[in-house]
Every structure is written in structure tokens, then in C-alpha cells.
Amino acid sequence: MHLTVGYLATPAGDDGVALAGVLAKSFGAQVDVVLVVREELPDGHPGRAEYQTLLIERGEEWISRAIDELTAMGVCASSTVLVGESFAETLISFAEKKRSDVIVVGGSRYGILGGHVIGSVAGALLHASPIPVALAPRGYSEDPPETITQVTTAVPTRPRDDNPLPFALELASTAGLPLRMLSLVSAENLADADSVREVRQMQVAAAEENLAVAARALPGTPEIESLVADGVTLESALRKLSWRDSDLLVVGSSRFAAPRRIFLGSTAARILAGVAAPILVIPHS
């Protein structure tokens with residue numbers, strides 16, 4: 001496995017580096033830390049080229065701190081400072097050339113500690129990347145776990161929705177981790193109690209089928225769990241679940257996403273806002 005980490009010299013950048021270190025130790029991954037310096041277009045000003053050089057040098061100083069952090073975690077990593085107009089586009093281009101399996105970033109520095117708030121870079125990646133994107137919750141670098149200990153995947157029940165289960169199965173089997181398959185049920189937009197019960201029955205049936213599929217695909221997996229969480233709203237259903245910082249939640253893209261591109265749908269965005277664990281968003285299959 002290969003990870004590309006988009007780094008900024010901010011607390012959010014440190015969160016992304018910490019998550020990359022945890023993922024690298026969990027899945028035996030190689031890591032490239034990338035810092036993108038804004039391109040200074042020539043405009044005839046005599047100091048513009050010198051200023052660009054200064055930014056690159058400063059970037060080298062900042063990114064060396066990230067490498068030190070990974071080294072302290074026992075992870076070997078390489079660093080690269082690039083010049084580009086768009087952080088997200090430059091990062092994606094680098095990851096594609098490296099054939100990275102995952103791009104790792106931190107979220108916004110604003111928001112509740114332990115939660116997810118999408119910043120500008122993460123937002124751009126979550127609406128364009130052809131490569132899975134891992135998001136670190138705010139404050140993850142303050143006390144990261146040693147490794148990932150469980151993979152959870154939010155599985156859909158409608159045939160048209162993108163299903164991240166195959167990706168999550170492969171990920172869990174790579175590190176021999178237990179897999180938890182999650183179906184979320186809410187009473188939103190349902191007319192009456194009978195509708196709620198009917199939907200829950202459908203969700204339970206779908207969850208049982210997902211469990212059977214996973215068991216057939218990975219008969220040697222030590223632990224596979226399938227569960228249904230329900231509530232009046234999606235958020236209330238999520239609150240009934242327990243999350244650890246050593247969990248990793250895998251979610252799919254919207255069915256409206258372009259082929260092999262990430263597009264964060266409304267449901268996935270609400271899940272992201274309500275979960276404190278790291279989240280991995282995969283492109284539309």
C-alpha cells in the first residue's frame with residue numbers, strides 16, 4: 001500500500017500526518033508527504049522569483065517536521081515540496097503518478113474536538129479525487145492510537161447506491177482486522193410507525209445479506225459483525241454507536257458521482273459530521 005499525505009504546517013496538517021502514520025503501521029504502507037506551495041506567476045516584478053524560492057525553502061523546513069513526526073512513530077517516509085496553483089489538483093496528480101492507494105489529509109481546524117469539519121482542500125478532494133481519501137478528525141495528532149483495530153463500513157440497502165463493502169473487505173483482510181458492517185435507519189420522510197417498522201425490517205434483511213456476502217468472500221476473517229442502528233434522524237442513529245480513535249470508517253460516494261471519482265453525498269456528509277473516528281471515502285465504483 002502507498003499513502004500520499006497532503007501536508008500543511010497547521011494543526012490540521014499534523015492530524016493528517018498522524019493518521020497516515022497509524023495507517024502505515026496498520027497496513028504496512030509506504031508514505032509520501034507532500035506540501036504544495038502556491039505558484040507565483042511572473043509579472044515582471046524583480047523579486048517574484050526570489051519570493052517563490054523563499055516559499056519553497058520554507059516549505060522544506062515545514063515538511064521536515066512532518067517527517068520527524070512519522071519517524072518518531074516508527075514510519076519511514078519521503079517528503080516532496082511542489083509548486084502549483086491548486087493544492088488539491090497538484091496533490092491528486094502526484095498521487096496518481098505514485099499510484100497511491102489513499103490520499104490522507106486533515107480536516108478544518110474549526111469545529112468540535114474529535115469531529116470532522118471539511119476544509120477547502122478536503123472539500124476539493126471529496127468532489128474530484130479518483131483515489132480514496134482518508135480524513136483525520138480534529139485533534140487526532142494529540143493522542144493517536146498505535147494502529148487501526150477495526151474497520152467499519154456503512155453499507156447501503158438500495159441497489160443503486162454505491163457499495164463500499166468490497167473495498168472494506170479487502171482492507172480488513174489485508175491487516176487481519178475485524179469488520180463491522182453498518183446499516184443506518186432513520187424515520188425521516190416516513191409517514192407512520194408502520195413505515196418505520198417496514199424499513200427497519202428491510203434494513204435488517206439487507207444487513208444479514210451483507211453479512212452472508214462477507215462471510216463467503218472472507219471465510220478466514222476472524223470477526224465479521226453486521227448491525228443496524230436506527231433513530232428518528234440519521235444523527236440520532238449514529239449516536240447509538242460507539243467509536244474509538246482506532247476505528248476506521250469506510251463510506252462510498254454518491255451514486256451521482258462520475259465513474260471512478262469521489263463525490264460526497266448528503267448521507268455520507270452527515271455521517272462524517274457525526275462520527276469521531278477517521279473516515280475513508282472511496283470513489284464511485
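These legends walk through a few close-up views of a predicted protein model.

Residues are numbered from 1 along each chain as its sequence is written. Because the model is predicted, local features need pLDDT of at least 70 and side-chain atom pairs count only at pLDDT 80 or more, while totals for chains, interfaces and linings use all residues; side-chain values use heavy atoms, leaving out hydrogens and water.

View 1. Helices (H or I, at least four residues) and strands (E, at least two) are DSSP runs, numbered from the N terminus. Of the 285 residues, 49% are buried, a word used for under 20% relative accessible area with a 1.4 Å probe, counting protein chains only.

**View 2. Strand S5 (residues 133-136) is covered on both faces.** Look for Val133 and Leu135 on one side, with Ala134 and Ala136 on the other: all are buried.

**View 3. Strand S5 pairs with S4 and S10.** Two strands pair if DSSP finds at least two bridges between them. Strand S4 (residues 102-106) runs parallel to S5, joined by four bridges, and here glycine 106 sits opposite alanine 136. Strand S10 (residues 279-281) is antiparallel to S5, with three bridges; leucine 280 is the bridge partner of alanine 134.

**View 4. Serine 246 lies in the loop between helix H7 (234-239) and strand S9 (247-251).** Serine 246 counts as buried because its relative accessibility is 9%. Its side chain makes a polar contact (a pair of N or O atoms within 3.5 Å, one able to donate a hydrogen and the other to accept it) with the side chain of threonine 149, at 2.8 Å.

Terms used
Buried < 20%, exposed > 50% of the residue type's maximum accessible area, 1.4 Å probe, protein only.
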